Amino acid sequence: MPGWLRQAAGGLPRPYWFLWTGTLINKLGAFAIVYLAIYLTAHLHFSQTQAGLVIGAYGAGGALGTLTGGVLADRWGRRPTLLTAQFGTAALMLALGFAQGFWQLAVCAFLLGASADAARPAFQAMMIDVVPPKDRLRAFALHYWAVNLGFAFAAILAGFAAQADYLLLFAIDAGTTAVTAVTTLVFLKESRPALAPATGVSPGRPAGLRAVLRDRVFLGFIGLNLLIVLVLMQHMSTLPITMTAGGLSPATYGWVAAVNGIMIVAGQLFVPRLLAGRQRSRVLAMAALLIGAGFGLCAFAGTAWMFAGTVVIWTLGEMIQSPSNSALVAELSPAALRGRYQGMSSLSWSVATALAPILGGFVQEHLGDSALWLSCAGLGVVVAAGQLASGPARERRVAALRAAAASAASAVVVARPRRAVPREKVKEVA
C-alpha cells in the first residue's frame with residue numbers, strides 16, 4: 001500500500017469499513033433527489049415555486065426525522081434506528097416515484113425526508129463510537145470521499161436513466177438503499193457506549209434534548225453551518241433550473257454536477273494532510289468564502305464549461321469544509337449525547353434543504369438569477385466572518401470536554417474494585 005494511502009486509510013476499525021461500504025452502495029444509486037427539481041418542472045410541468053415547495057417538504061420531513069433519529073440513537077440504539085430508517089426509506093422512495101399530483105408528491109417527499117434523515121445521526125454517532133478521536137478527521141474525509149465517489153457515477157447515470165424513464169431513478173435509488181440496510185443488518189453490531197457512573201448519566205437515561213439547546217457555543221456553530229448549507233443546496237434546486245432555462249439538457253447538468261464528485265474523489269484523500277495543524281476557524285472561513293464565490297459566479301455563467309468552472313471553485317470549499325465540520329461536531333459532542341448532538345447538526349442540513357429551494361426558487365422567480373447568485377456570495381462572506389469570530393470559544397469548549405472525559409476515565413479506574421488477594425499469597429508475603 002503506498003505511503004499516502006496508508007496514512008489516509010490505514011488502521012481504521014472493521015465496523016467503520018462496513019459503514020463506509022454501505023454509504024458507497026447507497027450513493028451509487030442516489031438518483032432521485034438530485035434530479036427531483038428537473039423531474040417536477042420538466043416532466044410534471046410544475047412551476048418553480050411548486051417544485052421548491054415539494055423539495056422543501058422533503059427538507060421539512062428531514063428536520064423532524066433528524067431530531068427523532070438523534071433521540072432514538074441515544075435511547076433505542078444506533079443499529080435499530082439505522083435499520084428502521086433505511087428499510088423505510090427504500091419503501092418511501094418507490095412511493096414517491098408512483099405519486100401523482102402536488103399533494104401526493106409533497107406528502108411522500110415529507111415522509112421520505114423524515115425517514116432518510118432519521119438514519120443520519122445514528123450513522124454518525126456509530127462512526128464516532130467506533131473510530132478513535134485521533135483518526136476521526138481521516139474517517140470523515142474517507143466517508144465524504146465515498147459519498148462523492150457514488151455521487152460522481154450517480155449524477156451521470158441518472159441523466160441517462162431520466163431520458164429513458166424517470167421511474168428508474170426512484171426504483172434504483174430504493175434498491176441500493178435496501179442493500180445498505182441489509183449490510184447494516186448482517187455486518188454491524190450495536191455500538192452505543194456504556195457510560196461510566198462518573199459522567200453522571202446512565203446508559204438508559206441520557207440527558208434530554210434541552211441540554212443541547214442550552215449549548216450556545218454549539219448552536220452558534222450550527223447556525224453558521226445552516227447558512228453555508230443554504231448556499232450549497234442551491235446545486236440541487238435552483239442551479240439545474242438555471243441551466244435548463246438557458247437551453248442546457250438534463251444530461252449536461254448531470255456531467256457538470258459530476259465535476260463536484262470527480263474532484264472530491266480525486267483529491268479528498270489528501271485533505272487531512274493539508275489541514276493538519278491548521279486553525280479550524282480559519283479553515284472553515286476559507287471554505288465559506290470559496291463556496292460563496294463559486295455560486296456567486298453563476299450570475300455570469302452562460303455555457304456548460306462556465307458552469308463547470310463555478311463548480312470547481314465551490315467544490316474546493318466543500319472539500320475542506322465537510323470533514324472539518326464533522327470532526328468539530330464530534331469533538332463538541334459529549335459521549336452521553338452523541339446522537340442528539342449529531343441530530344442537531346443534521347438538522348441544520350435538513351432545515352437548509354427545506355429552506356434553500358423555497359427561498360432560492362422565490363428569489364429566482366421574482367428577482368432573477370443574478371440576485372440569487374450574488375446573494376449566495378454575500379452569505380459566504382457573512383459565514384466566514386462568523387467562523388473567525390466564534391472560533392476561540394469553540395476551542396475552549398473542546399478543551400473543557402477533553403478534560404472532563406479524562407477526569408471521568410480516571411475516576412472509573414480509581415473506582416474499579418480490586419481483586420481479593422488469596423490467603424496463601426498473604427502468608428508468602430508475611
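Keep in mind that the model is predicted.

Now widen the selection to both helices, residues 238-245 for α11 and residues 338-366 for α16. How far apart are their axes, and at what angle do the helices pack? The axes lie 10 Å apart and the angle is about 30°. Angles under 35 degrees count as roughly parallel, so α11 and α16 are roughly parallel to each other.

Next, select helix α5, residues 78-98. From the first C-alpha to the last, its 21 residues reach 31 Å, close to the 30 Å expected at 1.5 Å a residue. Colour the buried residues of α5, among them R78, L82, L83, Q86, M93 and G97. Which helices do the buried residues of α5 pack against? Show α3 (36-43), α4 (48-75), α6 (102-130) and α8 (166-187), together with α16, which you have already selected.

Finally, show the whole protein as a cartoon. It has 18 helices and 0 strands. Of its 430 residues, 53% are buried. Among contacts between residues at least 6 apart in sequence, 86% join residues at least 24 apart. Switch to a surface view: the protein exposes about 18,800 Å², and carbon and sulfur atoms supply 67% of that area.

Notes. Residues are numbered from 1 along each chain as its sequence is written. This is a predicted model: local features need pLDDT of at least 70, side-chain atom pairs count only at pLDDT 80 or more; totals for chains, interfaces and linings use all residues. Side-chain values use heavy atoms; hydrogens and water are left out. Helices (H or I, at least four residues) and strands (E, at least two) are DSSP runs, numbered from the N terminus. Buried means under 20% relative accessible area, exposed over 50%, partly exposed in between (1.4 Å probe, protein chains only). Contact means heavy atoms within 4.5 Å. Accessible areas come from the Shrake-Rupley method with a 1.4 Å probe; for residues, only the protein chains shown count as cover. Axes are lines fitted to C-alpha atoms, for helices over the stretch in contact, and angles run from 0 to 180 degrees between N-to-C directions. Angles under 35 degrees count as roughly parallel, over 145 as roughly antiparallel, 65 to 115 as roughly perpendicular and the rest as oblique. The expected span of a helix is 1.5 Å times one less than its number of residues.
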